[in-house]
Amino acid sequence: MTTTLLPKPTSSIPDRAIYERRESGVRSYARSMPRQFNKAQDVWMHDTQGGRYLDFLSGCSTLNYGHNHPVLKTALMDYIANDGVTHGLDLHTDAKEDFLTTLEDVILTPRGLDYRAMFTGPTGTNAVEAAIKLARKITGRELVIAFTNGFHGMTLGALACTGNAAKRGGAGVPLNHVSHEPYDGYHGPDVDTAELLERRLSDPSSGLDAPAAILVETVQGEGGLNAASPEWLRKIAEIAKRHGALMIVDDIQAGVGRTGNFFSFEGMGFTPDIVTLAKSLSGMGLPFALTLFRPELDQWSPGEHNGTFRGNNHAFVTATAALRHFWSNDAFQQDVARRGALLERRLDAMAAEHGLSTRGRGMMRGIDVGSGEVAGTITAACFAQGLIIETSGAHDEIVKVLAPLVIDDAVLSAGLDILEEAVRSALTVTYGVAAE
């Protein structure tokens, strides 16, 4: 394997005094990856000591097109050089017009989708807050149905829809008006949890109020890469319609190509009422979130929901460039599908070697190693070899691969070689100790 395809990690930890002295203890990724990074390009991150790291995290799917893609970078630099508007609230700007036109022409119209675009605050949780707030306004109801292992954000409304106890515990107040129902497969393959939900909603004595919305991820990013079947998702869409609720698909991590198509629900036989997008929407890692909804649901009064940074024109510019460059035809989508199949084969082989299982869809996949402790050992071993990779799941038991969608096949394979050896080493030690 040529050295240009391999990471080159450094072995020493840099001085972290300023972070220990001034930054909050809430930081997490920096604890498992204690380096000072100063440059990033394509699928690589570089540290101040000359080290080079292969990025299989991609900013939790915020960098689907890699770091500093030249097409996006050039578009942004040209815009800045010409004194383009940076901050515009919700004013009309050239950058916003270009984005909306491109979104319509490249993404919505070819897919037969008719959505209004709401520019919310800059992060995914803002998009979710707007979605559930709109659903409650439209229906006059309070309850939102979310699902076990779901993750939707850290602000209070989105956090109420999130399942993770540790995240919820930080709220400090009751998180009400949400019912967490079992996700597809939660009770095993023989239990249809969509049927269970229908039964509860149809029973006037079940104690489950009529919902304003049903909020779902087609693949649960932080919850363990659980992938719902198209059949189950269609049933959920039908249940929402039958019971007068709006179906919200949270596509913040699974969308923008991560599962193969631009939207993760494409080709599944249903159309959500509301869709939330963020993360890779800007293409460059610039904060940008969007809530899409059917035109007849656009019942906001002016300023009823707003945000100071809902007009990030720099993000509009890079998002527009990304849509035109990657999504104007199906070549990129086909490339992602092929690469996702490669990832699937490699992870399945690793799992089979150790009697484990894999999770996910497209380029959003992982391997269930059984415990957070083992997964932590694996990711630490990977980082020592220069591979940036993290975990997900209720117990952090899933080693999660979120490589950039543009990664070269040979580089992807080199990174998976590192992961394969780390898995083999960790499980050999684990089973060896258990046998003794």
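Hi everyone. Before we start, one convention: Ala, Val, Leu, Ile, Met, Phe, Trp, Tyr, Cys and Pro count as nonpolar here, Asp, Glu, Lys and Arg as charged, and the others, Gly among them, as polar. With that in hand, let's talk about pockets. Please keep in mind that this is a predicted model.

Let's begin with the largest pocket, which has a volume of about 1,400 Å³. Its lining is made up of 46 residues, and those closest to the centre are Tyr 29, Cys 60, Phe 151, Lys 167 and Glu 222. Which elements give two or more residues to this lining? They are the helices α2 (29-32), α3 (58-61), α6 (124-139) and α8 (165-169), together with the strand β16 (390-392). The largest share comes from β16, with three residues. By class, the lining of the largest pocket holds 20 polar, 17 nonpolar and nine charged residues.

Now for the second largest pocket, where the space comes to about 620 Å³. Here 24 residues form the lining, and nearest the centre lie Arg 116, Ala 117, Met 118, Phe 119 and Asp 298. At least two lining residues come from each of α5 (94-108) and β4 (116-119). So much for the list; which of the elements gives the most to this lining? That is α5, with five residues. As for classes, the lining of the second largest pocket divides into 11 nonpolar, eight charged and five polar residues.

How values were computed
Residues numbered from 1 in each chain as written. Predicted model: local features only at pLDDT ≥ 70, side-chain atom pairs only at ≥ 80, totals over all residues. Heavy atoms only, no water. 1 Å grid on protein atoms, 1.4 Å probe; cavity = no way out; pocket = protein on both sides within 12 Å on 5 of 7 lines; lining within 4 Å. Points joined across faces, edges and corners; volume = space filled by probe spheres on them. Helix = DSSP H or I, 4+ residues; strand = E, 2+ residues; numbered from the N terminus.
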